Structures are given as structure tokens and as C-alpha cells.
Protein chains: 2
Amino acid sequence: MKIVSFTDTKLTDGFWKNRLDTVSNVSVYNVLRRFTETGRLDALRCEWTQGDANEPHIFWDSDIAKWIESVAYILESESHPELESAVDSAIDAIASSQLVDGYYNCCYISKHLDKRWTDRTDHELYCAGHLIEAAVAYFNATGKRKLLDVMEKYLEHIYNVFVVDKSATFTTPGHEEIELALVKLYNLTDNEKYLELCKFFVDSRGVSDEQEYNGVAHKYSQSHLPVREQFTAEGHCVRACYLYMAMADLARLTDDDELLISCKRIFDDIISKKMYITGGIGSSGRGEAFTVPYDLPNLTAYSESCAALALAWFAQRMTLLEADSKYADTIERVLYNNGLSSVSLDGKAFFYVNPLEIRTELLERNTSQCNTHENLPITERKEVFDCSCCPPNITRFIASVADFLYTCDDDTVFVHQYMASETKFDDIRISQKTSYPNDGKIEIVAENVKTLAVRIPYWCSDYSITLNGAVLDSEPIYGYVYIDLTDEVNSIELDFDMSPRIVYPNSKIRDCSGKVAVVKGPVVYCAESTDNNFNLMAFKVDTTAEFTSEYSEFYGTYVLSVEGKIPTAGEQLYSFGEEKYEPATLKMIPYFGFANRGQTDMEIYFLH
Amino acid sequence: MKIVSFTDTKLTDGFWKNRLDTVSNVSVYNVLRRFTETGRLDALRCEWTQGDANEPHIFWDSDIAKWIESVAYILESESHPELESAVDSAIDAIASSQLVDGYYNCCYISKHLDKRWTDRTDHELYCAGHLIEAAVAYFNATGKRKLLDVMEKYLEHIYNVFVVDKSATFTTPGHEEIELALVKLYNLTDNEKYLELCKFFVDSRGVSDEQEYNGVAHKYSQSHLPVREQFTAEGHCVRACYLYMAMADLARLTDDDELLISCKRIFDDIISKKMYITGGIGSSGRGEAFTVPYDLPNLTAYSESCAALALAWFAQRMTLLEADSKYADTIERVLYNNGLSSVSLDGKAFFYVNPLEIRTELLERNTSQCNTHENLPITERKEVFDCSCCPPNITRFIASVADFLYTCDDDTVFVHQYMASETKFDDIRISQKTSYPNDGKIEIVAENVKTLAVRIPYWCSDYSITLNGAVLDSEPIYGYVYIDLTDEVNSIELDFDMSPRIVYPNSKIRDCSGKVAVVKGPVVYCAESTDNNFNLMAFKVDTTAEFTSEYSEFYGTYVLSVEGKIPTAGEQLYSFGEEKYEPATLKMIPYFGFANRGQTDMEIYFLH
């Protein structure tokens with residue numbers, strides 16, 4: 001099984017083409033501007049000295065790398081000379097500052113080179129990993145190999161330090177990332193040494209004497225157990241999912257069944273116990289981490305943007321290992337919810353943390369002490385963060401979103417996602433005509449495909465499939481309907497019922513107790529005070545009522561209305577008479593579009 | 001109007017007599033033992049030097065003072081030679097260490113006398129206040145005036161420093177307490193200077209240049225506005241209520257209508273927007289403070305023991321200013337819930353923080369990082385805290401609990417609380433025979449009382465009153481039924497319907513959304529996992545079902561059972577089918593008795 005690369009696909013129109021255009025024409029420029037303003041590009045020359053403005057931070061290389069990767073993905077389909085020139089300059093700066101021994105890290109070279117490879121938490125290997133991903137992407141897009149050469153030389157150094165000399169004070173990276181990057185580089189170069197180094201880092205984790213460091217518990221960096229004995233998702237979510245991605249890659253590339261079992265069990269642990277309805281993971285800001293099963297608070301949800309993206313990428317790798325739609329379902333959950341909510345509709349601003357509930361009045365709750373930290377997420381997106389991992393991660397994610405469409409082996413093409421698009425690879429052509437997620441109808445034309453496996457989304461209980469006009473009566477197997485195609489060119493029409501549906505969260509989720517959510521297709525809905533002039537928390541939705549839907553240009557999809565009731569305001573804190581209610585209509589918008597109209601209360605879950 | 005002192009009352013048997021006995025025979029000895037072990041008693045001699053164990057803390061004097069006050073209250077009704085001797089030793093240590101100029105503070109004298117009166121936050125005046133309260137109480141109980149003399153001398157010093165010389169770096173205490181203590185001393189001595197000093201501290205607050213200090217916002221210490229412009233409860237709850245107590249005292253003693261209006265509005269702000277059903281206040285651990293209206297989270301409730309007690313004392317002072325049962329209702333709410341929950345049933349251990357919900361599985365939520373602080377309250381009571389303000393506060397509160405029974409003026413005796421008791425003052429005798437709160441029947445015999453005003457509790461909608469056997473048909477006025485007594489000796493029988501009732505919290509309280517609580521009389525009920533083998537959060541109570549009640553020796557009151565249903569366990573996090581339920585019985589215990597059988601989940605609010 002392999003992924004059909006997004007480079008083989010052209011998004012044609014509609015929902016995702018619009019997002020891609022916004023990222024290509026707004027977001028990636030905005031990130032460039034903010035990275036320039038904050039000194040991140042200048043820092044690459046490693047000329048910063050004490051007293052200068054814009055002191056380089058240990059993860060700045062990775063910010064730039066993800067932005068380069070984003071640009072590379074955009075250049076695959078269209079020319080952006082200004083961006084390409086900016087990337088070339090950045091790469092020149094990196095190449096000219098690389099040390100003779102191959103080492104490169106703008107922060108360490110500028111500030112304290114003598115301390116390199118002494119602090120496991122300090123993101124050196126993490127930055128290297130992102131630069132490798134950028135190098136591979138930029139080479140693929142442009143054929144330019146300067147950054148690739150830099151990174152191959154750097155990897156010689158890393159291999160010597162970690163595998164040959166073991167001269168670093170630690171064995172495995174404190175923040176995983178280089179492992180999955182090494183797989184990408186191996187895929188490009190076929191150089192087994194990269195796979196070996198990846199395996200070294202993965203296999204050494206939780207084995208050596210570095211299970212605890214810097215007072216941070218070993219679970220935080222998935223160092224509590226050897227990876228083949230890890231069966232639950234633990235610790236810092238981005239670290240975790242980047243590791244799981246590499247574990248899944250290795251399981252596939254090395255036929256490692258033990259790793260496969262770990263990956264499967266960890267994935268199931270996430271989606272059955274530790275994932276928000278939005279695809280968000282990591283419910284606690286402390287450690288940006290997975291916590292205990294069913295601990296999914298809405299108001300204080302951490303649900304970092306990068307973590308949701310990493311979950312989608314982990315799921316993508318799992319689709320290569322097992323034909324089960326739970327993986328693509330999870331990707332879809334991220335795509336239309338936590339993935340998209342992380343960027344503003346205009347493409348300019350980003351969420352690092354994606355709350356599932358906003359109560360604006362609580363923002364003032366701790367003002368009696370000005371020296372305490374705020375413990376609630378921010379309520380509006382920002383153009384830049386000090387820790388700016390998320391913005392360029394989101395741009396690379398959306399710029400390569402078509403990567404999630406298909407996987408294939410010799411016989412079967414799996415259709416995991418639905419986007420208006422045209423795809424060509426080998427002698428195969430597949431096109432999708434659809435306004436998904438605004439409509440459940442998809443017209444697929446497939447040429448030279450033997451078997452097409454189409455995903456029946458988890459949210460859909462009623463659908464029809466026709467093959468060349470004839471209705472198919474096929475039951476899904478693990479979420480896919482397998483359609484044998486005998487003609488050279490085949491027309492497949494899917495029609496998924498996309499009526500709004502009530503979602504019942506598990507009764508073990510404390511914050512959802514007695515409440516329901518609303519989805520329409522893959523899109524989770526929320527309500528904002530901006531549209532609703534009553535206490536959202538107290539609204540009781542009539543789960544038997546019909547939803548009204550109306551297309552919104554602003555959101556690029558439908559907004560909904562549903563009937564229910566609200567309590568007539570009581571004055572007392574505690575009273576003995578049962579509440580009285582009056583009818584009310586709840587107006588809902590897609591969650592991914594929340595907080596695009598100023599600060600407002602927001603709720604996903606409602607009493608019923 | 002005046003309070004009928006608890007020293008005029010003998011609790012005879014039943015609920016409160018048992019509590020009083022436990023405090024007298026267990027708690028106060030336990031506090032003495034722990035204070036001895038932790039060096040608090042030794043510290044009074046001011047001989048601690050750098051390197052010694054048990055470094056004195058700035059609030060240790062106040063811990064000892066509250067313990068002395070507790071002992072004094074106990075000595076009012078029975079002899080405890082061991083306790084009295086321990087108090088005498090403590091007072092000797094204080095007296096012999098008092099400086100020639102009158103100053104006494106064990107921490108400052110031992111550690112950094114040169115810095116006295118330079119740090120507003122450092123509790124010097126707070127400790128002085130508690131020592132004044134102790135001095136008054138111990139003089140009243142024993143006639144011994146050594147501590148009283150010490151404190152009167154100390155007050156000369158304080159008066160000179162703050163009023164005459166203004167040589168301190170601040171004008172008002174960072175933690176209020178001395179103000180209310182000065183009123184007590186004024187009541188004992190009739191020395192106007194003490195009332196003047198109280199007024200000086202109260203009137204200067206929020207006026208001078210010390211509105212902000214130490215990076216702590218001025219609201220924290222109620223210094224954001226002059227007191228007559230304060231109309232909402234703000235900041236650190238204990239600080240706040242101690243201030244409000246003094247404000248109410250001054251309003252009464254100086255006929256200050258502006259202060260009265262502030263007190264009334266602040267009190268209403270608390271009980272209508274900022275009070276837990278248990279009488280707890282201060283929902284945030286950050287600043288141990290009042291927050292915004294309706295912000296009453298259950299799981300992370302701070303609800304400090306001292307704060308609830310202070311609210312009761314504030315309410316008690318308000319009963320002298322306005323004949324409205326909301327004050328005594330609030331006292332009752334504290335008495336039977338947050339007040340009692342703060343001490344274990346065996347009297348040995350204490351809660352500083354009183355959560356309204358415990359989810360034991362969440363205690364592990366942040367273990368991926370060992371260097372982060374726990375953000376949930378402890379789940380079991382402790383015998384001592386580093387900051388041990390609560391234990392001796394609870395003992396003095398319960399030791400003087402009969403202070404809440406009556407107030408009177410020339411014509412009317414107000415019966416605010418119901419406890420089996422005998423009271424004598426002037427030519428008046430009143431006795432109550434009752435097993436309240438286990439039964440709503442109270443037989444009162446009153447001698448030489450012109451008018452008896454009996455409180456109809458807020459939780460009671462059905463009651464009867466007889467006077468000398470004849471049924472009275474009297475409507476309450478602001479919660480009191482006024483009964484004119486023409487005979488010398490009168491027998492009044494009250495019968496309050498004490499059936500369990502469902503309480504509907506205001507829909508603006510986020511954590512109670514869609515949920516109800518259960519009370520029986522003044523007692524709030526909760527359920528623990530210890531008694532219920534299912535997910536308490538998911539239980540839906542049938543609000544139409546009859547409650548079953550059974551007397552429990554362990555709790556000294558009734559435990560309850562009620563029917564309802566629980567969802568049959570679903571595996572998925574999010575599903576489309578409506579939940580299925582099975583019948584279940586919820587066993588409930590009084591909230592004040594929670595966490596007396598080991599660590600367990602606990603809930604007060606239930607879906608319905």
C-alpha cells in the first residue's frame with residue numbers, strides 16, 4: 001500500500017480549493033511576514049550576539065522549516081516567485097552557516113555552541129527533523145538540492161554523534177520528529193542508513209537510562225516504556241503522534257508486527273477514550289498532553305492545532321497498514337473541525353489552542369490577583385505566537401491536504417476523502433465532482449482502476465452507490481465498499497445523506513454530561529452568542545425537531561437552526577420550584593468558523 | 001439589637017451537643033498536639049534562630065490565638081485543666097517576649113525585627129487581631145487578664161505607629177481581622193479609642209496610596225475602592241468577610257447608613273451570585289477569592305473552610321441590622337454543610353478546601369509532567385496544614401456555635417437557629433427540645449419573653465406553629481413569624497416539614513447545567529462511589545420519585561435513597577443512537593460527612 005501523493009492531484013473547485021487558495025495567497029505570505037518581523041529569517045545566518053534584538057529560540061529552525069515545506073507544496077501546483085526567492089535566501093543562509101562538521105542549529109551556533117548535544121529537551125534533533133522534511137519537499141518541488149545536501153551532511157554528523165561515537169549526553173530526541181523525517185528521506189534516497197537511524201531512535205526510546213530528565217516525567221516524552229510495550233497514548237501529544245507516525249512507518253517498512261500492534265492499540269486508545277469530537281487531542285495544557293481516559297473538558301480544552309494535525313498524519317500512515325475506515329474517519333474529523341478551526345477564515349490568524357467552549361464572563365474570574373496566569377484559552381486567533389509551531393504546520397497541512405485522498409496497491413484504490421479534484425498517477429485517472437461537505441453527492445470517474453474502495457463515512461447511516469448508472473447493493477467491509485470496475489472508464493456516484501444529526505457523547509465525559517452535539521456530515525456545529533441572544537449553556541435542544549439549514553458564503557458551508565427552549569431567568573441561586581421554559585431557536589455555525597466575528601461565548605454541547 | 005451570647009446557652013443533647021463534645025474532647029486537643037509538634041507553641045518565646053527547626057511563619061501567632069479562643073469557649077461550660085494550663089503557658093511565653101514598646105509578633109521578633117511594619121501583606125495586624133480576640137475570650141472565660149494586658153499595651157504601640165506617627169510603610173492591614181477584633185475589645189472595655197482605631201483602618205481602606213502592592217491587585221484585599229463605595233464582594237474571601245464583619249459592626253455602633261447600604265448590597269451579591277449551595281464562598285484557588293457572578297465550579301471549588309465560617313459571622317452581624325431571615329438562613333446553610341464538612345466526623349482532621357465534586361480518576365490527569373502542580377483539591381481531610389488557619393477556626397466556630405441561636409432587643413427575641421438547648425439571660429429563659437436537623441419538630445418554652453420571632457427556614461414550604469397548644473395562623477414577615485406571648489411561661493411548638501426536596505440551581509451556573517441537588521431540611525446531600533457502584537455523573541434522578549430515608553449513627557442524621565436511571569455503558573466516545581438506560585438507586589449521605597470512608601468519587605448535582 002502506498003499513499004497517492006497530493007502532487008498527483010489537482011483540487012478543482014469548492015471547499016478545499018478555496019482553503020488551499022487562501023493558504024497559498026494569504027497565510028503563507030502572512031507567516032513569512034511575521035517570521036521576518038520577529039527575526040526568525042535573519043537568525044538563520046547565526047550572526048545573533050548577546051544584546052541584539054530577536055534572540056533566537058531553540059525551535060526557530062523548525063518554524064522556518066515548516067514554512068519552507070509549505071512553500072514547496074504550493075510550488076508543486078503553481079509558481080510563486082516571491083516565495084521561492086525567499087526560500088532560496090533562507091536556504092542560502094542555512095548552507096553558509098552550516099559548520100564544517102555538518103552541524104546546523106541557528107540557536108546553538110549563535111548562542112552556545114559548546115553546549116550542543118547536551119540537553120535532550122532542547123529540540124536540536126527536532127529542528128533537524130523539520131529541516132529534513134523541508135529539504136525533501138523543496139527538492140521534490142523544485143529539483144533544487146542545496147538544502148538536501150546540507151541535511152545529508154548534517155545527518156552524517158548526527159549519525160556519528162549518536163550511533164558511532166555516542167558522544168551526546170542523551171540517546172533519543174526529547175521531542176520526536178526526526179524519526180518520521182528520516183523515513184521521508186529514505187523514501188526519496190533509498191539510503192538504508194536513514195532507515196537505520198530512524199530505527200535506532202525509535203528502538204532506543206524508553207530503553208536507555210534517560211527515562212527521566214529535567215524533572216519532566218518520562219511519560220511526557222513517551223520514554224516510560226520501550227515502544228513495543230506502549231499500548232496507550234501518553235504524554236505530550238505532538239511528541240507522541242510524531243513518534244507514532246514513525247512507528248507506523250517502521251512497522252510497514254520493516255514488517256514489524258510488534259510495532260504494528262502497539263500502533264493499533266495506541267490509535268484505538270486515542271479515538272475511543274482521548275479525542276474530542278473535533279478531532280482534537282491533548283485535553284490538558286499542563287504538558288500539552290494526553291491525560292486519563294474520558295478527560296475531555298470543553299472550557300479548558302488544550303487541543304493544540306499541531307496535535308490534531310499529527311493525529312491525522314498518524315491515521316494516514318495507519319491506512320497503509322489496515323483497511324479500516326476508522327483511520328480515514330479520524331482524518332476527516334480533523335480536516336473539517338480542529339484542523340480548519342486552527343486558522344481564521346481569512347487565512348491570516350491562527351489558534352494554537354482550540355477551545356470547545358468559550359464563556360467570556362469567566363475571562364475575568366481571576367482578576368483579583370494580577371500576578372496569576374490565565375487558565376483559559378485565548379478566544380480569538382492571533383497572527384503570531386512566541387512559540388509559533390502551529391501556523392506553518394497548518395499551512396503545510398492544508399497545502400498538502402490532497403495527500404489524504406487516496407491510497408492504493410496493485411489492485412485497489414482506496415477513496416478515503418471526498419474533494420472536488422482530478423488525480424493522475426501511473427496510468428490511472430480519477431476525478432471527483434462534488435460540493436462535499438456541503439452536499440453528500442460525489443461523482444467519481446475512474447480510469448484503469450481494478451477495484452475502487454469507497455469509504456462510507458462514520459456519520460452516514462443512509463447512502464446509495466451507483467456504478468455506471470446501476471444501483472449497487474454492497475455492504476461496507478470495515479467501512480469501505482469495494483467496487484469491482486470492469487470497464488476502462490467507470491462512473492461511480494455516491495450519495496451520502498448529510499442531514500444534521502444529534503451526537504450523543506459518552507456518559508463518562510464529565511463536561512458533556514446530559515448534553516448532545518450536532519453534526520452535518522463531517523462538520524461539527526457550534527453556537528455563538530453573536531447569533532443567539534440567550535444563555536447558550538441553558539438552551540435545551542429538541543432532539544426530535546427538524547433542522548433548518550441555509551448556505552453561508554462567509555463560512556463556505558451551511559449554517560443551521562434548531563428549536564428548543566431556554567429557562568426563563570430565575571433570580572435565585574438555588575430554588576425549589578422546577579424551572580420554567582420558553583421556546584427559543586438556536587442558530588449554529590460550523591465549529592471550524594467559530595471566533596471569526598470577535599470575542600463571543602461559544603458552545604458545542606447542549607442540554608436536551 | 002444584640003446577640004445572646006453562647007455563654008448564656010447550654011446545648012443539651014443531640015446533633016450540636018455531639019459536635020461540641022467532639023470539638024472539646026478531640027479536635028482542640030488534636031490541634032494542640034499538632035501545633036506543639038510543628039513548633040508553633042515554642043515559637044511564641046521568640047527564641048528561634050537561623051538553622052533551628054520549625055522556622056516561625058508570619059501567621060503562626062494567629063493559629064495559636066484561634067486555638068486559645070477555642071479553649072476559652074470550651075472553658076465557658078466545662079473545666080479542662082490540661083487545656084487551660086497549656087493556654088496559660090502560651091500566654092506566659094507571649095507576655096515574656098513582648099517588647100518594651102509593646103510590639104509582639106513571634107515571627108518578626110525572631111527573624112527580622114528591623115523589618116516590622118514594612119510589609120502590608122505580612123499579617124502583623126492580622127495576628128494582632130486574632131490575639132485580641134483570644135485575649136477577650138480568655139478573659140471572659142477565666143477572668144485572667146494577662147493576655148488582655150499584653151494586647152492593650154500592644155494596641156498603644158499600634159495606635160502610635162498607625163494613627164499618631166504614621167511610621168509604618170502602609171496604612172491599612174493587608175489581611176483584615178484586627179478591625180473586628182477591636183470591636184470585640186471595645187465591647188468588653190468600652191474604650192472608645194479601640195472603636196476609633198477600627199474606624200481608622202476601615203475608613204482608610206481603598207483611600208490611600210496603597211491600592212496596589214506586591215504585584216497583587218487591589219481587589220484582592222478590598223482596597224480597590226473606599227468601603228462605602230464597595231457594593232460587590234471582591235477578592236480574597238476571608239479578608240473580605242472579616243472586613244464586612246467590621247463594617248457591619250461599625251454601621252450598627254456608629255449609625256452609619258452608608259456602611260449599612262454597602263453591607264446589605266455586598267451580602268446580597270454573595271448569596272444571589274457567589275455562594276455554593278453548601279454555604280461555601282470563594283470559587284477560585286487563585287487568590288482564594290470571589291470571582292465573577294455564577295462562577296461556581298464544583299470540581300475545582302476552593303470554598304475554603306475559613307471563608308464559609310466568616311460568611312456566617314458576617315451574616316450574624318447583619319441579623320443585628322435587619323430582621324430578614326436571609327441572614328440566619330445563610331448561617332444555617334454554612335452550619336450544616338460547608339461549616340461541618342470542614343472537620344472529619346471523628347473530629348481529628350480538617351479540610352482547608354471543600355470540593356463539591358470529586359472524580360478520583362482525574363487526580364492522575366497531569367502525571368505526564370511531574371513538575372506541575374495539582375490543580376484539584378485534596379480528597380481527604382488532613383490533621384495539619386502548613387497554612388493551618390482553618391483547624392483552629394473551625395474549633396472556635398463550633399465551640400461557640402450557640403452564638404447563632406438568638407438575638408434580642410427589649411421586646412423581641414429572635415430564634416434564628418434550632419438546637420436542643422437551654423438559655424438564660426436577664427430574667428429570660430428559653431429552652432428548645434428538638435432533634436433538629438433530624439426532625440422538624442421543635443418545642444420551645446419561653447419565660448418572660450414579650451415577642452418571640454421564629455425563623456421559617458428557606459427550605460420549608462409547609463409548617464405549623466402552636467402556642468400553648470393552639471394553632472397559630474401567622475404569616476412570616478421577612479422570614480420570621482412574630483408570636484406575642486402573654487403568659488409568663490409559654491410553650492411554642494414548631495413543626496417544619498423536612499421531607500427531602502429537589503433543588504434547582506440557577507441555569508447560569510455552568511457546572512450545574514441540567515442538574516439538580518437534594519436537601520433534607522438544611523442538610524445538602526451528596527453521593528459517594530463507596531455507596532454507589534456506577535458512574536455518579538451519569539445518574540439521572542427521577543425528580544418525582546419518593547425518597548427513602550434511614551437514620552445513620554455514623555453521620556448522626558439520615559441517609560437517603562432515590563430512584564433514577566443510569567446509561568448502559570457505551571463503548572464509543574461519540575455515537576448517533578440515543579442513550580439506553582437501566583434503573584438504578586442512588587444512595588446519598590449528608591455532604592458534611594463526605595470523604596470519611598477513604599478516597600472516593602463524590603457528586604452533589606445530578607442529571608434529571
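Trainee: Which residue in S20(B) stands opposite Pro505(A)?

Mentor: Tyr574(B) does. This is a predicted model, so local features need pLDDT of at least 70 and side-chain atom pairs count only at pLDDT 80 or more, while totals for chains, interfaces and linings use all residues. Residues are numbered from 1 along each chain as its sequence is written, and chains are lettered from A and ligands numbered from 1 in the order in which they are written.

Trainee: Okay, and how many bridges join S14(A) to S20(B), and in which sense do they run?

Mentor: First the labels: helices (H or I, at least four residues) and strands (E, at least two) are DSSP runs, numbered from the N terminus. Two strands pair if DSSP finds at least two bridges between them. Here 2 bridges link S14(A), residues 500-505, with S20(B), and the strands run antiparallel.

Trainee: How many residues of chain B are in contact with chain A?

Mentor: A contact needs C-beta atoms, placed from the backbone, within 7 Å of each other. On that count, 57 residues of chain B touch 58 residues of chain A. On the chain B side, helix H11 (257-273), strand S14 (500-505) and strand S20 (574-575) each bring at least two residues. S14(B) gives the most, with 4 residues.

Trainee: And how do the residues on that side of chain B divide by class?

Mentor: Ala, Val, Leu, Ile, Met, Phe, Trp, Tyr, Cys and Pro count as nonpolar, Asp, Glu, Lys and Arg as charged, and the others, Gly among them, as polar. The side of chain B that touches chain A has 20 nonpolar, 22 polar and 15 charged residues.

Trainee: Let's look at chain A alone. What radius of gyration does chain A have?

Mentor: It's taken over C-alpha atoms, and the globule rule is 2.2 Å times the number of residues to the power 0.38. With 608 residues, a compact globule would come out near 25 Å, and chain A, at 24 Å, agrees with that. Its C-alpha atoms fill a box of roughly 75 × 75 × 50 Å along the principal axes. Chain A holds 15 helices and 23 strands.

Trainee: At what angle do H3(A) and H6(A) pack?

Mentor: Axes are lines fitted to C-alpha atoms, for helices over the stretch in contact, and angles run from 0 to 180 degrees between N-to-C directions. H3(A), residues 60-75, and H6(A), residues 124-142, pack at about 20°, with axes 8 Å apart. That makes the two roughly parallel, a label for angles under 35 degrees, whereas over 145 is roughly antiparallel, 65 to 115 roughly perpendicular and the rest oblique. Their crossing is left-handed: the near helix is turned anticlockwise from the far one by less than a right angle, while clockwise would be right-handed. The contact includes Ala65(A) and Ile68(A) of H3(A) and Leu131(A) and Ala134(A) of H6(A). By class it has 12 nonpolar, 4 polar and 4 charged residues.

Trainee: What about H12(A) and H13(A): at what angle do their axes cross?

Mentor: H12(A), residues 305-319, and H13(A), residues 325-336, cross at roughly 155°, and their axes come within 8 Å. They are therefore roughly antiparallel to each other. This crossing is left-handed too. Among the residues that meet are Leu311(A) and Ala315(A) from H12(A), with Ile331(A) and Val334(A) from H13(A). Sorted by class, there are 11 nonpolar, 3 polar and no charged residues.

Trainee: In what order do the strands of the open sheet in chain A come?

Mentor: The order is S1-S4-S5-S9-S12, 5 strands with mixed pairing. S1 (2-3) and S12 (480-484) are the edges, each pairing on one side only. S1(A) runs antiparallel to S4(A), residues 406-408, through 2 bridges. Lys2(A) has Cys408(A) as its bridge partner.

Note on methods
Two residues are in contact if their C-beta atoms, placed from the backbone, lie within 7 Å.
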